Amino acid sequence: MSNIISKSVSLFILDASLWNDIPLCSHLNSSSIFSDLTVFRFLNNGALFYALALFIILLTVIFLLFKCNRDNKKRIQKQQDYLNKIEDINKGLEVAKQKVQEANQLKMFFLANISHELRTPLNSIVGFSELLTEGDNLSHETVEQYSRSIRVNSDLLLNLINDITDLSKIETNQLQVQYKEFDLHPMMDELYEYAQKERNELDKAEIKVTLDKGIRKNSFYIKSDENRLRQVFINLINNAVKFTTSGEIRIGYRLNGSHLLFYVKDTGMGFTNEEYKEMFDSFRQGREGTNRRLGGAGLGLTLSRGIVENLNGKIWAVANEGNGSVFYFQIPFLPPTKKENKKSGAFELKIEEQYNWSGKKLLVVEDSYMAYELITKLLKGTGAEFSLESDGYKAMERCEKDLDIDLVLMDIQLPFIDGYEATRRIKEIRPNLPVIAQTANAMMDDRKRALEAGCEDYVAKPLDRIELAEKINNLLFRIKEDM
């Protein structure tokens with residue numbers, strides 16, 4: 001249609017003669033004609049206008065759709081985040097619920113166990129008391145037997161009540177410790193006798209009980225809470241006797257730098273890593289069923305941990321299931337301050353008093369006999385057995401043949417092969433044999449090379465007697481503090 005109009009306009013413009021024949025044309029001027037032509041051209045471009053308008057509309061629709069889609073995604077993401085939060089909260093509530101249920105079960109188990117432990121001695125006390133009051137013709141031996149049973153069960157009942165009271169004090173941070181100066185050795189002797197008595201009462205006379213004193217003095221005064229230390233030891237001894245059927249129970253202590261390290265070692269049933277994680281927790285008692293079979297309220301280790309921590313110490317255990325266990329607890333060593341104790345020499349302990357290496361065999365690898373003699377003189381009185389090898393090859397052969405060697409003091413400057421290479425080869429034969437490097441080269445690189453070669457420690461010459469003794473002692477009695 002626009003094309004027809006355009007052609008018609010062109011014909012009128014080209015044929016001027018027709019203009020005069022048309023009425024009213026004389027009244028038209030050129031401006032109006034060009035104005036009309038502009039209108040016609042605009043009409044001729046109408047399709048472009050409609051296309052442009054349609055394009056703008058499409059862009060607007062696409063933008064709106066994109067914005068709507070983006071808003072929907074944000075809304076969906078917010079809903080998903082909200083659902084995830086709700087799911088996390090539900091999981092947390094489920095975990096909390098399980099913990100509450102477990103705690104309730106443990107408390108119920110604990111209360112049932114406590115009830116059993118209370119009623120058992122009470123039953124004996126009440127029963128034997130009635131027999132004593134009602135029996136007119138009881139023999140003297142029978143009266144003594146009944147009286148002894150009443151006394152033993154009364155002690156059990158009193159100890160249980162004391163344990164419950166102490167546990168309450170620990171959980172409310174009200175446990176008090178009383179530091180005083182006392183001789184540690186009489187207490188250790190009492191604990192040794194107690195362990196023997198408990199062993200005999202449980203008909204386990206075949207179990208050997210051994211006492212190790214880390215200080216070779218008749219008296220060794222320290223400052224701590226004697227009663228609380230005894231209480232921890234008794235709990236550990238009771239467990240050792242209870243869970244051990246054969247072998248040995250060893251109790252003792254040693255001076256470990258600025259701390260006193262106590263231990264109770266047994267050859268009992270041990271425990272697993274999973275059991276260890278909950279061993280010192282409240283209301284826990286080893287494996288299921290052990291309390292009924294072996295007795296006890298399951299408070300001993302929890303109380304022991306609380307007491308040791310109140311003495312600014314720590315307690316832990318090392319074990320392999322079926323191969324026994326060792327319970328350690330360590331507290332700061334606080335020397336006494338009384339004048340009489342200073343005169344007794346408790347502060348100035350000699351090497352032979354502080355370190356007890358009886359039964360230990362030390363191999364000294366030195367090409368100088370004078371250096372070997374110096375070491376034996378420095379460590380005289382410790383009870384250790386010393387032997388000498390003058391070069392690395394002989395040291396390797398000795399370590400391979402003599403399995404009783406407990407530690408090697410390795411000189412670095414040796415003939416044939418040096419101490420680094422000798423240590424590497426010894427470690428290939430006996431990887432667990434501790435080696436201490438000793439050398440006149442005291443550079444930091446020497447220490448690094450010694451450790452890289454496999455040495456557990458390093459001492460520089462001239463040798464410091466206390467440093468050497470302490471490093472040997474730590475390796476002879478290596479302990480694990482983590483499971």
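Me: In β10, which residue is the bridge partner of Val 365?
Reply: This is a predicted model: local features need pLDDT of at least 70, side-chain atom pairs count only at pLDDT 80 or more, and totals for chains, interfaces and linings use all residues. Residues are numbered from 1 along each chain as its sequence is written, and side-chain values use heavy atoms, without hydrogens and water. Strands β8 (residues 361–365) and β10 (residues 407–411) run parallel, joined by four bridges. In β10, the partner of Val 365 is Met 410.

Me: What is the strand order of the open sheet of five strands?
Reply: Strands here are DSSP runs of E, at least two residues, and helices are runs of H or I, at least four, numbered from the N terminus. Two strands pair if DSSP finds at least two bridges between them. The edge strands, pairing on one side only, are β9 (385–389) and β12 (457–460). With parallel pairing, the order is β9-β8-β10-β11-β12.

Me: At about what angle to β9 does helix α13 run?
Reply: Axes are lines fitted to C-alpha atoms, for helices over the stretch in contact (heavy atoms within 4.5 Å). Angles run from 0 to 180 degrees between N-to-C directions. Helix α13 (residues 369–378) lies across β8, β9, β10 and β11 (435–439). Its angle to β9 is about 170 degrees.

Me: What share of the 483 residues in the protein chain is buried?
Reply: Buried means under 20% relative accessible area, with a 1.4 Å probe and protein chains only. The chain holds 17 helices and 12 strands. Its buried share is 38%.

Key. Buried means under 20% relative accessible area, exposed over 50%, partly exposed in between (1.4 Å probe, protein chains only).
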